Amino acid sequence: MTTTTPEPPRTSVPVTERFRVPGAFLLGAVLLLGVAPLALSDFRLSLLAKYLCYAIVAVGVSLAWGRGGLMVLGQGVFFGLGGYAMAMHLKLADAADTGQKLPDFMQLYGTSDALPWWWKPFANPVFALAMTVLLPMAVAAVLGFLVFRRRVKGAYFAILSQALAAALSIWLVGQQATTGGTNGLTDIQGFFGYSLDDPVNQRMVYFVIAAVLLLLMALARRLFVSRYGELLVAVRDSEERVRFLGYDPANVKLVAYVVAAGMAGLAGALFVPAVGIISPALIGIVPSIGFVIGAAVGGRASLVGAVLGAIAVAWAQSTLSDEFPAAWTYLQGLLFVLAVGFLPGGLASLGTVLRRRRTPKAPVAQEPVPVTVGETA
Amino acid sequence: MNGEGLTIRDLRVTFDGFTAVDGVDLDISPGDLRFLIGPNGAGKTTLVDAVTGLVRATGSVRFGDEELLGKAVHRIARLGIGRTFQTATVFEKLTVLQNLDIAAGAGRGPLTLLRRRKGVPQAVTKALETTGLADLRDRPAGVLAHGQKQWLEIGMLLVQDVRLLLLDEPVAGMSHEEREATGELLRRVSADRTVVVIEHDMDFMRSFARSVSVLHAGKVLSEGTVAEVQADTKVQEVYLGRAAEPRPAPAVPVAEEA
C-alpha cells in the first residue's frame, strides 16, 4: 500500500458534465425570461413573480441549511427587513408624488406631524436600496457572531431563529403609528417612478425578479464549488474536526448565514413591488417555516432542487389554501416533517435513493482492505 | 532535530468531581515517537483532549515556548498541533482530495477560499503518496476502508504541516498488514516531527515505539524505553496484570469505545 503507484491518467471532465451546469442555467434563463412571460397571463405572471421571491430566499436557505447545516427557521426576519426597507422608500416616494408630507397611514394613525427620524434616510433611493441588503446582513452578522461563537447549534439555533421572527413581527404590530401595525405597509403605487398599476411595469418587475434570481443562483453556485463551499460542507458534517484543522467554524458558518440573510433581504425588497404589500403576517413564524419548506422538499443541498421546491410549494400553497384554508397549515407541517425525516436530500435526491434501494449493497469501490474489528480479540 | 518539544507540568482535568488526569508531568522531546499506554480510563484520551484544548485543564502544557492551556482549539491547531480520534473522522461526503485540501488550507485568505480549487497543492500530492491514497483521491472519503480513513486522517495532519501529531488508537480495528503499514507510516512521519500515539496494541507498541509512558488512574506510572517499561514491576501489576511474562498481548483487548 505504501509503494507510490503512478498516478492514473486524469480523466478529463466528460463533455456532458462540462455543459450540464451552464446548459441547465441557460434553460432556466430561457424558461424564466422567455417562455414564462409569453405563456402566462399578467395575473399568472405576477403570481410567478411572487413565487420567484420565495425562490430567492430558498437560494440562501440552500447555502446556509443545505450546505452549512444551519437550520435557518427565521428567514422572515431578513425578508421583512428587506421588504420594509423597500416599502418605506416606496411609501415616501408615493407621498412625495402626491405632495403629502407623510405616508398615508401615518396621517391616519400618526400622533405627530413629523416623520420619525429613522424613516428619513429611506427617502433616498440609493440608501433604501442598499439597506434592503445591508440591513439584513448586518443583523445576521451581529446575531451570528454571538450565536456561533457560543456554539449554539441544531434545534437551539432553529428555535432562536423562530423566536426572532416572532419578535420582529410582534414588534411591528405594536408600532402602528410608524410601521402600519398589523396592516403593514400597503397600497404601494409606484416603483422608482413607474406606476405599479400598469401591467407593463408589473412585467418589468417580473423580469427584474427573474434576473436577480438567476444572478443569485449563479453566485450561490460559485460559492458551492469554491473552496469555501467545500469547507462549509466539512463544517456541516464534522465541525469539531474542522476546528482541529485550525479553522474557526464560527466564521465559516457566519459567512453562509450573512449571505443567506442578504438574499432573503433582497427577496423581501422585490416582493414589495411584485405584491404591493409587506406586513407582519408575511414575515412571522409561519412564513419563516414556509421559506425553508420548499428547499426541504425540493432538496436543500441542491440549488436547483431548492429553487424548484420553493416555487412548487408556493404554488401549492396559493392554490390549496384558497380551497382548503384550514388544512394548508397541517399539510405544510406534514410536508416539512416528511421531507426532513425521510428524504433529507429532498426530491432532488429521489433518483439516488431509489437506485440505492434497488442495488442493496453498493460494491465497495477499491481493492479489499477488509475491516477486521474482531481480529485482534 | 528541529521543532519543539511538548512539556506538560502538573496537568489536572476534573469532570464533576472525578479526576481523569491527576497531576501528569510529561516531557516529549522533538522527534520522539512516544506511545501512551494504560488501561481503559487511565486518562490517555483526556490528556490529549486537554493538550488540544477540547477540555479545560489546570497546570501547564507548553509546546516550545507557547503555553497551550486556555487557547481555543483552532488556535492550538494553528500552532502546529494535530490530532486524530479513536473513530476516524474524515469528511465523508467530500473526496479524499477535498479532505486533504481543506486540511492544507487553514490560514487561507478569503479570496483564495472563494475561488475554485485549481490544481493540487504540492503538500497534498506529497501526502497522497506518503499515505498511499493517490489512486483513491477522487473517491468520497465515506467509501474508504477503515484503515484508509485512518491514513487519510494522518495525511490530513501532514498537509496541515503539524509538528506534533497526537494519534488516538490509530491501528484499532486494523488488519495485521494495515498495522505494519501504519507503523511504517508513523516512522516516516516522525523523521521530522514529534508523534504521540495512544495505543492498546502491545505488539504494535513494541515494534514501533521509541519511548513509552504508562498512565494509570490519571497519573504517570512509568516511563522509558519499551524494555524498561516492560521490566517495571508496577506496570506489570496494574496493567499487564496476570500475564507477567514478556508476551502478554492477548490479555489486552483492543478498546472498542466509541
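Predicted model: local features only at pLDDT ≥ 70, side-chain atom pairs only at ≥ 80, totals over all residues.
On the side of α2(A), the contact is formed by Y54(A), V57(A), A58(A), V61(A), S62(A), W65(A) and G66(A). From α12(A), the residues F291(A), V292(A), G294(A) and A295(A) take part. Classified by residue type, this contact comprises eight nonpolar and three polar residues, with no charged residues.

## V61(A) and the nonpolar core

V61(A), one of the α2(A) residues in the contact with α12(A), also has a place in the largest nonpolar core, which holds 184 residues. Together with A55(A), I56(A), V59(A) and A260(A), V61(A) touches the most other members of that core. Helix α11(A) supplies the largest share of the core, at 18 residues.

When neighbours within four places in sequence are left aside, the contacts of V61(A) include F291(A), V292(A) and A295(A), which are among the α12(A) residues that meet α2(A). V61(A) is also in contact with V72(A), Q75(A), A260(A), R300(A) and A306(A).

## G262(A) in helix α11

Helix α11 of chain A covers residues 249-275 and contains G262(A). Is G262(A) buried or exposed? The residue has 23 other C-beta atoms within 10 Å and is therefore buried, the threshold being 20 or more.

Residues up to four places away in sequence not being counted, G262(A) touches V133(A), P136(A) and M137(A). Between G262(A) and L223(A), the separation is 39 residues in sequence and 14 Å in space, C-alpha to C-alpha.

## Overall form of chain B

Chain B contains ten helices and ten strands. Its 258 residues would give a compact globule a radius of gyration near 18 Å, and the value for chain B, 18 Å, agrees with this. Along the principal axes, the C-alpha atoms of chain B fill a box of roughly 60 × 40 × 35 Å.

Of the 258 residues in chain B, 49% are buried. Among the contacts in chain B with a separation of 6 or more, 67% are between residues 24 or more positions apart.

Methods. Residues numbered from 1 in each chain as written. Chains lettered and ligands numbered in written order. Contact = placed C-beta atoms within 7 Å. Helix = DSSP H or I, 4+ residues; strand = E, 2+ residues; numbered from the N terminus. Nonpolar A, V, L, I, M, F, W, Y, C, P; charged D, E, K, R; others polar. Buried ≥ 20, exposed ≤ 12 C-beta atoms within 10 Å, placed from the backbone. Core = buried A, V, L, I, M, F, W, Y, C linked by C-beta atoms within 7 Å. Rg over C-alpha atoms; globule rule 2.2 N^0.38 Å.
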